[in-house]
Each structure stands twice: as structure tokens, then as C-alpha cells.
Amino acid sequence: MIPRYSRPEMVAIWSPQTKFKIWYEIEAHACEAMADIGVIPRENADAVWKAKDVEFDVARIDEIEAETKHDVIAFLTHLAEHVGSEEARFVHQGMTSSDVLDTCFNVQLVKAADILIEDTKGLLVALKKRAMEHKDTIRIGRSHGIHAEPTTMGLTFARFYAEMDRNLKRLKRARHEIATGAISGAVGTFANIDPAVEEHVCEKLGLEPEPISTQVIPRDRHAAFFAALGVVGSSIENIATEIRHMQRTEVLEAAEFFSMGQKGSSAMPHKKNPVLTENLTGLARLVRMAVIPAMENVALWHERDISHSSVERNIGPDTTITLDFALARLTSVVDKLLVYPENMLANMNKFPGLVMSQRVLLALTQAGVSREDSYKMVQRNALKVWETGCDFKTELLNDADVVKALSVEQIEEKFDLGYHTKHVDTIFRRVFGD
């Protein structure tokens with residue numbers, strides 16, 4: 001991922017130095033375990049640990065790989081240059097490249113998941129803060145993009161909070177599912193390496209041994225992991241799209257913070273564009289882009305092939321780096337979001353009283369009018385408001401059929417905004433607890 005959409009902590013997980021350090025730890029712990037069960041001499045296992053503070057030379061490993069055409073062999077050759085060829089002769093004994101590659105990849109995904117989990121927690125804090133702040137701030141709810149009935153800005157933030165709280169649980173499940181390692185040798189039978197070695201390595205790396213690994217860790221785990229990331233990306237877009245709508249000039253119920261010196265357009269100095277949330281919409285597409293390839297990686301030939309390898313070398317870093325950046329950016333957008341309650345009320349009253357039509361409809365049916373006739377009576381007055389901008393309540397009071405069924409007081413009562421917010425506390429308790 002390009003630096004523009006990257007943050008250092010996540011990028012570091014995917015650096016060659018980090019990868020080679022994990023490879024080294026896998027090999028060193030494996031040697032340690034083999035020495036524990038008497039498979040290799042203790043002095044050879046101890047010798048491997050001489051390289052524990054080495055900063056592996058990426059250029060040198062690349063140079064060796066250019067000749068060997070094999071990345072793990074290139075690394076092992078370089079490791080022997082530090083440890084000594086005689087001392088390192090038992091390194092990787094009974095193991096296969098996938099033992100190193102797959103276990104390392106899962107270690108990296110677990111580390112990435114830990115960052116994404118913390119990112120999501122930070123976003124939840126921002127969403128809750130804004131929900132509490134605007135718990136009673138009235139705005140119009142919309143369906144099909146059209147005014148429906150009153151809601152509150154707090155409820156908007158609360159539903160985004162609930163969605164992201166579900167995503168937090170998804171990320172935790174994804175982390176748990178991906179936290180496995182395999183040191184099982186060719187085709188996963190442990191023919192040339194004891195299962196105790198796998199158990200030791202996994203314990204040291206904070207993983208669980210893969211119950212059955214063929215020669216690779218099953219890729220349904222990775223498919224589930226990237227699918228979870230894709231859902232989080234879609235939720236980011238969901239929030240970003242709502243903010244983008246609210247910032248439209250003719251709506252302007254909320255807007256991204258616009259800093260001093262910021263420019264909205266190279267041609268039009270008046271512009272304040274929702275560039276951050278538009279950017280988030282695009283980044284969400286990149287995150288979801290990994291989901292289908294991850295799904296397609298599940299079907300490998302027999303005990304293994306490497307059709308998944310090139311995919312994962314891309315989607316592993318790119319997707320986690322992008323999502324990390326997107327979650328951090330969205331948190332900042334929510335935290336600094338400008339909210340305009342007056343505009344919310346003005347928008348709701350653009351067609352005076354119209355959004356109370358359902359209350360009048362229900363009142364008429366409860367007063368003994370058939371639903372079909374009630375609907376016709378309400379709709380004919382509502383259409384006048386659409387066409388002329390007149391006041392809905394006034395039109396109802398001038399409709400003989402309506403006032404025959406409902407008193408003036410009953411009609412007046414149907415325009416109380418408090419009716420639509422009476423269960424906000426109940427919803428907030430469901431979302432945030434007591």
C-alpha cells in the first residue's frame with residue numbers, strides 16, 4: 001500500500017525485517033524443541049540463538065534468492081552465514097517451507113488484527129461520545145432518500161456504534177480463527193518431525209497448533225479473516241456515505257471539519273468538499289477487493305499448491321494497512337464532525353408537518369374510518385403540501401371528512417415531536433447498556 005494511506009505501526013508488521021525475524025524465531029524455537037526431545041544436539045540448538053539480535057540483511061537474502069529462486073532457502077543460507085554452517089546444519093530439519101511461511105503469515109495477521117481491534121475500539125469511543133451529545137437532536141429520518149419520520153442524530157450515531165460493536169466481535173473471532181501454526185513437515189504427516197515441536201513453536205508464538213494442516217494451514221481460516229475485514233470496510237462506507245449525504249449543500253445537516261488553510265477546489269474557492277469520507281468510500285472498496293481472492297484460495301490442489309501465495313503476499317499487507325488507515329481516519333472524522341441542528345429542523349419543516357402523516361392515518365383508523373379511506377384522506381392533503389408547500393395540519397383542519405372523524409385537539413396532538421423520541425432512552429440502553 002502506498003505511504004499516503006499507511007500508518008507506521010501496521011506497515012512495520014509487513015516489513016521484510018519483521019518477516020525474517022519471525023522466520024528466525026520459528027526456526028530457532030523448532031531447534032530448541034528438537035533438542036528437548038533429543039533429535040538434535042543441544043549445542044546446535046543453542047548456536048542458533050546466537051543470531052537473536054541480528055538484523056538480517058534483506059539485500060543479501062535477495063541476492064541469494066536470485067540464484068536459488070527460493071525465498072526460504074535464501075533465508076536459511078543467510079542464517080547459516082551468521083550462525084556457522086556446521087552449527088546450523090540441523091536448522092529446518094524435518095520441516096517444509098510452508099511450516100515457516102504459513103506460521104509466519106498467521107503471526108503477522110494476528111498482530112495486524114490486534115491493531116485493527118484497537119482501532120475499532122477507538123472508533124467506538126468517538127461514536128458513543130457523539131451519540132450521547134446528540135441523543136435528543138431532532139433530525140428527519142429518510143427512506144429511499146425521502147423524508148420519512150423524525151428521529152434523532154443520537155440514534156444515527158448509536159446505530160453506527162452498534163454496527164461497529166458487532167464488527168469488533170467479528171474481528172476478535174477472526175483473530176482467534178487465524179491464530180494457528182503448523183510445523184508438520186511435508187504433506188502434514190509429521191513423518192520427519194515430532195508434533196511436540198509444533199506445540200512448542202506455537203506456544204512460543206502465541207498460536208494454537210493447527211489440528212490438521214496437510215502441507216499448509218487450511219485457507220478457509222484466511223477466507224473468514226478477510227471476509228471479516230471486508231464487512232468492517234462496508235460498515236466504514238456506510239457511515240461515510242451518510243456523512244457525505246449530510247454535507248450536500250441542499251442538506252447541510254453535518255460536515256467534515258474544514259481546517260484553516262484548507263482548500264476545497266482548485267477552481268472554486270467557495271467549495272467545502274467531503275473529501276475524507278469520499279476517500280473512505282474508495283478505501284472500503286480496496287478492503288473488500290481482498291475478499292473474493294481469499295475465498296478462491298480455499299480450493300488448493302491435494303495437500304498443497306502455491307496458487308494462494310501471490311494473492312496473500314498482496315492482500316495480507318495491503319488490506320490490513322488500508323483498513324487500519326481507514327478506521328483511524330473515520331475516527332477523526334466522527335470526532336471532529338460539525339453538526340447543524342438548526343438545519344436539521346429546517347429540512348424537516350421544508351414541507352410543514354408532512355412527516356406526521358402516519359400518526360394521522362393511524363388516528364383515523366382508530367376513530368372508525370377504514371384504512372383505505374383513511375389513506376385517501378391523508379394522502380390527498382399530503383399531496384397539496386408536496387405541490388404547493390402549504391401547511392399539512394392546516395389542510396387537515398380544513399378537510400371536512402378529517403374533522404368529522406377527529407377533533408381539532410386530536411389533530412393538533414398528532415404534531416407533537418416528542419411522540420417520535422419517547423423510546424430513545426430504551427434504544428440507548430439496548431445499545432450502550434445502563
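His420 touches Glu149, Pro150, Met356 and Arg359, leaving aside residues up to four places away in sequence; contact here means heavy atoms within 4.5 Å. This histidine lies in helix H19, where helices (H or I, at least four residues) and strands (E, at least two) are DSSP runs numbered from the N terminus. With a relative accessible area of 16%, His420 is buried. Buried stands for under 20% relative accessible area, exposed for over 50%, and partly exposed for the range in between (1.4 Å probe, protein chains only). The model is a predicted one, in which local features need pLDDT of at least 70 and side-chain atom pairs count only at pLDDT 80 or more, while totals for chains, interfaces and linings use all residues. Residues are numbered from 1 along each chain as its sequence is written, and side-chain values use heavy atoms, with hydrogens and water left out.

After H14 comes Gly368, with a positive phi near 105 degrees. Arg359 also lies over the face of Tyr419, at 3.5 Å from the ring centre. Lys422 lies over the face of Tyr419 as well, at 3.5 Å from the ring centre. For such a charge to sit over a ring, NZ of Lys or CZ of Arg must be within 6 Å of the ring centre and within 35 degrees of the ring normal.

Aromatic rings come next. Rings of Phe, Tyr and Trp (its six-membered ring) pair if their centres lie within 6.5 Å; planes under 30 degrees apart count as stacked, over 60 as edge-to-face and the rest as tilted. By this rule the count comes to 13 aromatic pairs. In one of them, the rings of Tyr24 and Trp49 have centres 5.9 Å apart and planes at 85 degrees, so the pair is edge-to-face. This pair links distant parts of the chain, with Tyr24 in helix H2 (residues 16-36) and Trp49 in the loop between helix H3 (42-48) and helix H4 (58-68), 25 residues apart. Tyr24 counts as buried at 1% relative accessibility, whereas Trp49 is partly exposed at 22% relative accessible area. The rings of Tyr161 and Phe432 have centres 4.7 Å apart and planes at 55 degrees, so the pair is tilted. Tyr161 belongs to helix H7 (residues 153-178) and Phe432 to helix H20 (residues 424-432), so the pair ties together parts that are 271 residues apart in sequence. Both Tyr161 and Phe432 are buried. Ring pairs also join Phe20, Trp23, Tyr24, Trp49, Phe56 and Phe75 into a cluster.

Now for the chain as a whole. Its secondary structure comes to 20 helices and six strands, and buried residues make up 48% of its 434 residues. Along the principal axes, the C-alpha trace spans about 100 × 50 × 40 Å. The chain is divided into domain 1 (8-83), domain 2 (97-182 + 214-259 + 269-345) and domain 3 (354-414), with bounds from an automatic or database domain assignment. The centres of domain 1 and domain 2, taken over C-alpha atoms, are separated by 35 Å, and 13 residues of domain 1 are in contact with 19 residues of domain 2.
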